[in-house]
Amino acid sequence: MKKPTTAELIALKGAELALSELLALYEVRVRQTGIIREMNESLAAAGLTTLPDFSTCPTLARVRLVPVATTTTVAPEADPADVPADPLPPGALPQRLLLGELPSAVVGLQCVPPGAELSQATYLMRYEGFNQIPVVSNMTELHGVVTWKSIALMYESGWDTTLENAMQQESLPVFDSREDLFSCLAMLVDHGYVLVRGQDGRISGIVTYQEIVRRFQNTARPFFLLGEIESLLRRWLGARLNAEAVIAVQATNRKPEHRTGKVEDLMFGDYVLLLDGAQRRTALAQRADANWVALGRPALDRGQFVHHLQRVQAIRNRIAHFDDDPLPPEDMRDLTSFARQLRDCVR
């Protein structure tokens, strides 16, 4: 990550940028926890912020750089005891997902022109592994879509084997790139695809059912793994540690009336405090030693376990943002391996 200078940011005061352009100033593409924090600090040093907030706005939004004073409001001072130790970053939860935010919706598409031979369309479909191919002129006028189903209908009906007879021409699933993805899902399930029209009126891409399944796998599987990890940790720690051990950790970030002594009320960072014997707070480190003994796994390497627990915590704090890029393979390996390790611990 490379930060623009304060002078460069001040020179942009009042300017309106696409979110991608603002991120490019810092030589990053996605909004992750550390990046959001450093960008906020950099902007604040120049006396600036953004409207809307760059950390929560949709991916295709535009933001204006404005002086901090124009958005400052007086808020009650937060009690440090009520501040969670490991919150997900502001705006980290998924926002609206627009069709135009999917890579395949904007990279263009392969198509054939009207009047082409049907064999040209079927060759492309077989060669590329497509289930459909649009018939388009000038990338703006959609004449129809050839699918294996529409080809079968042509043969069943005894029509001449031409491109026009082989293509579906009515009720075609075409959506604007600014359309919410979830509003298009019914048509996508029915047809197996939706065509996307960009803001310039051109057909900019095609989103298929298979792509949505892959995207769901890339984004949803880590969430389910994290949920399983937290559930397993609570079962294991809750069965082995007493309320006093839990309250000792809750005392670091909870008011007395909120110190329940229940493992299910802990935040993820609290699990690290329960078990990390190398932490700087001597009293908690000593309690962590006793807690580790209470877990009854003397052959389990504590240093590696705590290290991987911290890795999972870091992944958890990044994972909630719905980025185009899937979780890196090494992060998925860490989540999968740690979940498998915990399953053995709670047998």
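**Aromatic pairs and a helix crossing**

Tyr 123 and Tyr 127 are both exposed, where exposed stands for over 50% relative accessible area, buried for under 20% and partly exposed for what lies in between, with a 1.4 Å probe and protein chains only. Both tyrosines belong to helix α4 (residues 118-128), in which they are 4 residues apart, about one turn of the helix; helices (H or I, at least four residues) and strands (E, at least two) are DSSP runs numbered from the N terminus.

The model is a predicted one, in which local features need pLDDT of at least 70 and side-chain atom pairs count only at pLDDT 80 or more, while totals for chains, interfaces and linings use all residues. Residues are numbered from 1 along each chain as its sequence is written, and side-chain values use heavy atoms, with hydrogens and water left out.

The protein contains 13 helices and 9 strands, and 43% of its 347 residues are buried. Of the contacts (heavy atoms within 4.5 Å) with a separation of 6 or more, 57% are between residues 24 or more positions apart.

Phe 305 is in helix α12 (residues 302-319) and Phe 338 in helix α13 (residues 329-345), so their pairing ties together parts that are 33 residues apart in sequence. Both phenylalanines are buried, and together with Trp 236 and Trp 292 they form one aromatic cluster.

Phe 305 also takes part in the contact between α12 and helix α8, as does Trp 236 on the α8 side. The axes of α8 (residues 209-240) and α12, which are lines fitted to C-alpha atoms over the stretch in contact, with angles from 0 to 180 degrees between N-to-C directions, come within 11 Å and cross at roughly 135°. The two helices are therefore oblique to each other, since angles under 35 degrees count as roughly parallel, over 145 as roughly antiparallel, 65 to 115 as roughly perpendicular and the rest as oblique.

Methods. Phe/Tyr/Trp six-rings, centres within 6.5 Å; stacked < 30°, edge-to-face > 60°.
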